[in-house]
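Here are a few notes to read alongside the model. Have a look at it first, then work through the points.

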Amino acid sequence: MTLPVRDDVPLAPLTTLELGGNARHLVEAADDDTLVEALRWAEARGLPALILGGGSNVVIADRGWDGLVVRVATRGRRFAATSATSATSATSATSDGTVTLTAAAGEPWDDVVADTVARGLAGLECLSGIPGLVGATPIQNVGAYGQEVADTIRSVTVVERASKRIVELAPAACAFAYRDSAFKHDPDRFVVLAVTFALRAGGAPTLRYRELAETKSLNDGTPPTLAQVRAAVLALRRKKSMLIVDGDPNRRSVGSFFTNPIVAAAEADAVAARAVALGAIARADEMPRWPASGGAIKLSAGWLIERAGVRKGQRRGAVGVSTAHALALVHLGGGSTAELLELAREVRDAVHGRFAMTLLPEPTMIGVAWPPPGI
Ligand SMILES: Cc1cc2nc3c(=O)[nH]c(=O)nc-3n(C[C@H](O)[C@H](O)[C@H](O)COP(=O)(O)OP(=O)(O)OC[C@H]3O[C@@H](n4cnc5c(N)ncnc54)[C@H](O)[C@@H]3O)c2cc1C
């Protein structure tokens, strides 16, 4: 097979931040064979291989990637009833109403969500409007507005990089957690080739997230449809610049730059007490907090950032804090990754200085050091 290898390819246009240097080599993999062959090609030359989807959750160093970038461009969606005997059409359901969707890693995520909503399949509707490709969704267990992909993933088809074996992983093997998975901890082990979701045919939309559940358009007295929930999610995201829209000055970002801290209850109480002592709030119960698994507490990184004195719209040269969301750092054009990281460290250190809480970055850092606070 002749691989379509390109040399010295600018990566910034392949990312939503529009930042980062060049790739020494890049292969666009339109099928799984090309993808696996590209891995072999890099291995044979002793080069590191970086897998890139839609580039919406990566911060790439200004010096670029001194190796091979494999850009995933595989396509294909297959809908099937879980029992072959009852399948009569592409979206027919079994008696338990489950339809599986297997989507290739290179499918654009929001096209897939729109398709499931149009077919009346519940399970992904709250994840509308998230940029990127299907193959990246298991990596950080993508989530928003009361759903995460772990709720519906039935299996993840991967190629094991070392052996080139294709394996189907059950959810338990993926160790999904809040914005986390086994893939994130061992990024060089697997490449995701496809993801299979189990969806509910004719199922009701998920209205677990308060801001969404309270949306006016979903409270007109009739049960909301999947399409109405998708539209409401898109409207909420647009207001917060969490939807990429041409001309929006906040459009170049990775979405949330930091994850919400998950802490023990005692630590959450200590942060609230600090916030009261500093005069950020009058009473401890004014601090937003949500129960997380295992008795832990999820805090709001955006709230901590704003209470640490960081303002929405604050600029630092060619980068800044989104005018619509304190958790999103944006590139305003003509900037560098170094500038963005400097701002990110400032934000992180402001929160650490005020609340003794270390925010962790959500995107994957590529060729970029992320030192602990104070360094
Ligand atoms: C405006 C905006 C809003 C966002 N909102 C949300 C949100 O609400 N919730 C949320 O969870 N995220 C959100 N994100 C982050 C991002 O869109 C998601 O994490 C998305 O799944 C990343 O997909 P991608 O294809 O762009 O991945 P990339 O950025 O290309 O890659 C991300 C990581 O996954 C790895 N990777 C990618 N594809 C594969 C593969 N096939 N196999 C193995 N590894 C792979 C990469 O090597 C990298 O480490 C947002 C981003 C933006 C810009």
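1. In which sense do strand β6 and β7 pair, and over how many bridges? Strand β6 (residues 77-81) pairs with β7 in the antiparallel sense, over 5 bridges. Within that pairing, Arg 78 stands opposite Thr 102 in β7. Strands here are DSSP runs of E with at least two residues, and helices are runs of H or I with at least four, numbered from the N terminus. Two strands count as paired if DSSP finds at least two bridges between them.

2. A quick word on the source: this is a predicted model, where local features need pLDDT of at least 70, side-chain atom pairs count only at pLDDT 80 or more, and totals for chains, interfaces and linings use all residues. Residues are numbered from 1 along each chain as its sequence is written, and side-chain values use heavy atoms, with hydrogens and water left out.

3. β7 also pairs with strand β13 (residues 190-201): the two run antiparallel, joined by 7 bridges. Val 99 stands opposite Leu 199 in β13.

4. How covered is β7 (residues 98-104)? 7 of its 7 residues are buried (under 20% relative accessible area with a 1.4 Å probe, protein chains only; exposed is over 50%, partly exposed in between). Thr 98, Thr 100, Thr 102 and Ala 104 lie on one side, with Val 99, Leu 101 and Ala 103 on the other.

5. Now helix α9 (residues 337-355). Its 19 residues should span 27 Å at 1.5 Å a residue, and the end C-alpha atoms are 27 Å apart, which agrees. The expected span is 1.5 Å times one less than the number of residues.
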